[in-house]
Amino acid sequence: MISGIAHINITIPEETLDQALEFYGTTLGLVSAPVPELQIGTILWFNLGSSGQQIHVSVGATDPTATRHPCFKLDTREELEEIKTSIYDHHVQGGPAAPMAADKPGEQNSGTQGKEYPTRFFARDFGGNLLEFTM
């Protein structure tokens with residue numbers, strides 16, 4: 001029986017691993033994990049807290065209009081708002097690792113609006129990957 005998710009993999013454009021390290025490591029605050037020796041320079045792994053789950057970021061084809069996405073869970077409303085602000089600030093600041101799109105804190109969140117979704121928002125990383133954040 002499936003008991004959880006070990007990792008998900010998203011793709012980014014060629015030669016953008018440095019931007020991935022900045023966005024996923026600095027902006028989102030994920031901790032980088034060692035990758036297999038033969039994959040160094042082609043992929044990054046990030047731990048999702050102490051869950052044993054990871055997000056893998058590898059070089060490959062991207063589609064900045066795709067709706068497939070990982071959804072990151074935060075424990076509190078405060079943490080959700082904190083990461084939303086961090087993402088939005090990086091979006092406004094710009095630069096090669098800046099997210100393509102980010103919800104502005106204090107304004108209506110993107111995505112479906114309904115009573116089932118009062119505490120979530122979306123962003124697109126620098127490579128166009130859609131990311132959802134919830135609690």
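Student: Where in the chain's secondary structure is Gln 54 placed?

Tutor: Gln 54 belongs to strand E4, residues 54-59. Strands (E, at least two residues) and helices (H or I, at least four) are DSSP runs, numbered from the N terminus. The model is predicted, so local features need pLDDT of at least 70 and side-chain atom pairs count only at pLDDT 80 or more, while totals for chains, interfaces and linings use all residues. Residues are numbered from 1 along each chain as its sequence is written, and side-chain values use heavy atoms, with hydrogens and water left out.

Student: Why does Gln 54 count as buried?

Tutor: Its relative accessibility is 15%. Buried means under 20% relative accessible area, exposed over 50%, and partly exposed in between, with a 1.4 Å probe and protein chains only. The value for Gln 54 falls in the buried class.

Student: Which residues is Gln 54 in contact with, leaving aside neighbours within four places in sequence?

Tutor: They are Ala 6, His 7, Ile 8, Ala 33, Trp 45, Phe 46, Asn 47 and Leu 48. Contact means heavy atoms within 4.5 Å. Two of these residues meet again in the sheet: Trp 45, in E3, is the bridge partner of Ala 33.

Student: Why is the pair of Phe 121 and Phe 133 called stacked?

Tutor: Rings of Phe, Tyr and Trp (its six-membered ring) pair if their centres lie within 6.5 Å; planes under 30 degrees apart count as stacked, over 60 as edge-to-face and the rest as tilted. Here the centres are 4.9 Å apart and the planes are at 15°, so the pair is stacked. Phe 121 lies in E7 and Phe 133 in E8, twelve residues apart. Both are buried.

Student: What makes the pair of Phe 23 and Tyr 24 edge-to-face?

Tutor: The angle between their planes is 90°, with 5.0 Å from centre to centre. Both residues are buried. Ring pairs join Phe 23, Tyr 24 and Phe 46 into a cluster.

Student: Which residues have the most contacts inside the largest nonpolar core?

Tutor: Tyr 24, Leu 28, Ile 87 and Phe 133, in a core of 24 residues. A nonpolar core is a set of buried Ala, Val, Leu, Ile, Met, Phe, Trp, Tyr and Cys residues joined through side-chain atoms within 4.5 Å. Among the elements supplying at least two residues each are E1 (7-12), H1 (17-27) and E3 (43-47).

Student: At what angle do H1 and H2 pack?

Tutor: At about 145°, with the axes 10 Å apart. Axes are lines fitted to C-alpha atoms, for helices over the stretch in contact, and angles run from 0 to 180 degrees between N-to-C directions. Glu 22, Phe 23 and Thr 27 of H1 make the contact with Ser 86, Ile 87 and His 90 of H2.

How values were computed:
Two strands pair if DSSP finds at least two bridges between them.
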